[in-house]
Amino acid sequence: MANTLETTELTDVSEAEIAVHWKEEEYYYVPEKFKAQANMRDPQILEKFSLDNFPNCFKQYADMLTWFEPYHTVLDTSNAPFWKWFIGGKLNASYNCLDRHVKRLRDLTDLPSLRCLCNEARG
């Protein structure tokens, strides 16, 4: 016969004991240089993403990606809360994050994430 282990669940934990872990941490301010280049600097961003434009407001950004199979529906809400985005579409995250940029760059060191790797490879 196989040995069975009994498991016990501790549920007598006070809210105060849990709250110890809720302590606020130090706040880090975003540098102005970073804010200046952020995508949210567009003054019309709230209009673009208003409820009147939902869900098609995401189409513009999805169309910036390389799709291996195009999507036919931006959002399917037929089985809430299990919504499905970009129905029918197929993409490759690795391709969109790296490969398509490498294709357009003559010198891989122009891509900041590869600058270190290229310099290491050259030795």
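**Exercise 1.** Determine whether Phe 58 is buried, partly exposed or exposed.

*Solution.* Phe 58 has a relative accessible area of 31%. Buried means under 20%, exposed over 50% and partly exposed in between, with a 1.4 Å probe and protein chains only. Phe 58 is therefore partly exposed. The model is predicted: local features need pLDDT of at least 70, side-chain atom pairs count only at pLDDT 80 or more, and totals for chains, interfaces and linings use all residues. Residues are numbered from 1 along each chain as its sequence is written, and side-chain values use heavy atoms, without hydrogens and water.

**Exercise 2.** Classify the ring pair of Phe 58 and Trp 85.

*Solution.* The structure holds 11 aromatic pairs. Rings of Phe, Tyr and Trp (its six-membered ring) pair if their centres lie within 6.5 Å; planes under 30 degrees apart count as stacked, over 60 as edge-to-face and the rest as tilted. The centres of Phe 58 and Trp 85 are 5.3 Å apart and the planes stand at 80°, so the pair is edge-to-face. It joins distant parts of the chain, 27 residues apart: Phe 58 in the loop between α3 (45–48) and α4 (59–62), Trp 85 in strand β3. Helices (H or I, at least four residues) and strands (E, at least two) are DSSP runs numbered from the N terminus. With 37% relative accessibility, Trp 85 is partly exposed.

**Exercise 3.** State which residues Leu 75 touches, beyond those up to four places away in sequence.

*Solution.* Leu 75 belongs to strand β2 (residues 73–76) and is buried, at 12% relative accessibility. Its contacts (heavy atoms within 4.5 Å) are Phe 54, Pro 55, Trp 83, Lys 84 and Trp 85.
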